[in-house]
Amino acid sequence: MIPITALEQPITASEPPSRRDAFVELEKVTHTYGRGERQVHALTETDLRIEQGDFVALVGPSGCGKSTILKLVTGLINASSGYVYVAGRQVGAEPVRVGMAFQNPTLLPWLTLLDNVMLPLKIVPPYRQEYRAKRKGEFRDRIETLLAQVGLAGFSNKFPWQLSGGMLQRASLCRALIHEPQLLMLDEPFGALDQFTREELWGVMQDLWMTRKPTVLLVTHDLKEAAFLATRICVMAARPGRVIDDSVVPFPRPRTVEMSYDPNFTVLTQRLRQMIMHAPSAKESVP
Amino acid sequence: MNSQFRRHIASAALIIGFFVAWEVLCLGFGVRDIVLPRPSQIIYTLFARLPAIWPHAMQTLYTTLVGFGLGIVFGVLIGALIGSSRLAYDVGYPLLIGFSSIPKVAVVPIFVLWFGAGTVPAVLTAMILSIFPIIVNVAAGLATTEPELEDVMRAMKASKLDILLNVGFPRAMPYFFASLKVAVTQAFVGTVIAETVASNKGIGNLMMIASSSFDVPLVFAGLLIIAALGVGLYVIFSLIEVRVTGWARRNDEFAMG
């Protein structure tokens, strides 16, 4: 088990000094779901380091533990063994603002778009205190600006059921970003969208990342999406889930959709695809 | 709003039709008023003896509202506890089921024993009759909150209280209001039961005295008053429900369309 002192002093002499400059670090993380015979090994002895301001994509077949990593880093679940550090501290204790967007928009149906996007400002410090001090008007302007940035100007007073899936996903991105998170977790946020909306939102996402520079961890099935958005792509294999490749994406920014039809781009996605399909000891492969 | 209004008109017309049919059948078959008085006789009695009936009606309304109010407060508290804690759910549910199986008439004498005859046993009976649907629905509303919505909050490191206030309670609102409409009529039943058994005030007491002197039109006038009060409160809570939980209704239509 994790020693209690680790919560207060995560950096001890026995640990490698390089930890200090990694914003997110997974160290020999193993995670299993369930018990006994029905136990599923989602992750085995996984190491992963993400520098501050990096945009890392996790790709791999279904069941390789991509989403598990996301949940571990967000603190939604606790690792069965191993350590997860965020900003040099054990996850959960770190004073880091986290934003998260899921495959489903998960907006609250009883709130308007404006109030949905307002939610993090109501909950996350330091905005929480400002919210209570009735700085709602200023927050409202900020939300309207962000909504306009993702193409939702004029929709802030609509309820979620009045909007299309693509619009909801845009609003969901706004909710993940409104509190200026240092760490942004994206769990296949564009997975359920049509191709045109998806490509448009890649551009929106890239702009938002380039202006705000949060550290991003993106889980995706779409290799093109990973190559378009990420600065680094980690390929994972299933059963047991682990990282088998970690490579930098060399294309200059801002990237465009046209670039994704460039031969070099195709070579990269082909290489990723081959790697996932022929992952060692993987019993199941999904391109 | 317009279709809502039309719906009210239609239901009112049907209800009036029911009373007209009652009147006509009683006249046609020559039913005596000691067996079943005609609506016109009941309404005549109601207005002729209103000064005598009115204080009893107010007593019943007051008792019911106090009991119902207590039922809401404790129902929401207990429902929130049961709905948000696994342990409280496991412990509370069997107790609740057992408790709700007890005929409430049986507990009135116990309340009378503890608090004496009068208003207090009636308030408590109204409370225990109305509390059960509220607890069950609030607990169900909280327990069925989608885990994804909670994950959204937990990713922001929201406290349990934050999650309850921002996701749990709003999510449980439609359930809560559905239960209020049932609970308010149950509260009337509770009040009248207790008044019938042990009180010298209230519509229940009035009906007991009237029936022992074979004043059947007055008994029915009492029933009419209770029914009217029950319907009135039901309508009030329905209107509040539409305003507060409109998102849930529109969402259903949206999903169906």
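Predicted model: local features only at pLDDT ≥ 70, side-chain atom pairs only at ≥ 80, totals over all residues.
**Exercise 1.** Is Thr106(A) buried or exposed, and how many other C-beta atoms lie within 10 Å?

*Solution.* Residues are numbered from 1 along each chain as its sequence is written, and chains are lettered from A and ligands numbered from 1 in the order in which they are written.

Step 1: a residue counts as buried if 20 or more other C-beta atoms, placed from the backbone, lie within 10 Å of its own, as exposed if 12 or fewer do, and as partly exposed in between. Step 2: Thr106(A) has 20 other C-beta atoms within 10 Å and is therefore buried. Step 3: Thr106(A) lies in the loop between S6 and H3 of chain A, where helices (H or I, at least four residues) and strands (E, at least two) are DSSP runs numbered from the N terminus. Step 4: although Thr106(A) is not a glycine, its phi is positive, at about 45°.

**Exercise 2.** Describe the setting of Glu45(A), which has a positive phi although it is not a glycine.

*Solution.* Step 1: the phi of Glu45(A) is about 45°, and the residue is found in strand S2 of chain A. Step 2: because Glu45(A) has 14 C-beta neighbours inside 10 Å, it counts as partly exposed.

**Exercise 3.** Work out the order of the 4 strands in the open sheet that contains S2 of chain A, and find its edges.

*Solution.* Step 1: the order is S2-S1-S4-S5 in chain A, with antiparallel pairing; two strands pair if DSSP finds at least two bridges between them. Step 2: strand S2 (40-51) and strand S5 (89-90) of chain A have a single partner strand each, so one side of each is left without a neighbour in the sheet. Step 3: helix H2 (residues 66-74) of chain A packs on this sheet, where it touches S1, S2 and S4 of chain A, and its direction makes about 120° with that of S1(A). Angles of this kind run from 0 to 180 degrees between N-to-C directions, and axes are lines fitted to C-alpha atoms, for helices over the stretch in contact. Step 4: strand S1 (residues 22-33) and strand S4 (residues 81-86) of chain A run antiparallel and are joined by 5 bridges, and Val24(A) stands opposite Val86(A) in S4(A).

**Exercise 4.** Trace the open sheet of 6 strands in chain A, and describe how S7(A) is placed in it.

*Solution.* Step 1: the strand order is S6-S7-S8-S3-S9-S10, with mixed pairing, and S6 and S10 of chain A are the edge strands, each pairing on one side only. Step 2: from one strand to the next, the twist averages 15°. Step 3: S7(A) pairs with S6(A) in the parallel sense over 4 bridges, with Val98(A) opposite Leu183(A) in S7(A). Step 4: S7(A) also pairs with S8(A) in the parallel sense, over 5 bridges, and Met185(A) has Leu217(A) as its bridge partner in S8(A). Step 6: helix H6 (residues 165-177) of chain A lies across S6 and strand S7 (183-187) of chain A, running at about 165° to S6(A).

**Exercise 5.** Determine how H2(B) and H10(B) are oriented and which residues they bring together.

*Solution.* Step 1: helix H2 (residues 39-48) and helix H10 (residues 216-244) of chain B pack at an angle of about 85°, with their axes 8 Å apart. Step 2: angles under 35 degrees count as roughly parallel, over 145 as roughly antiparallel, 65 to 115 as roughly perpendicular and the rest as oblique. H2(B) and H10(B) are therefore roughly perpendicular to each other. Step 3: Gln41(B), Ile42(B), Thr45(B) and Leu46(B) in H2(B) meet residues of H10(B) including Pro217(B) and Phe220(B), where contact requires C-beta atoms, placed from the backbone, to lie within 7 Å.

Note on methods
Contact = placed C-beta atoms within 7 Å.
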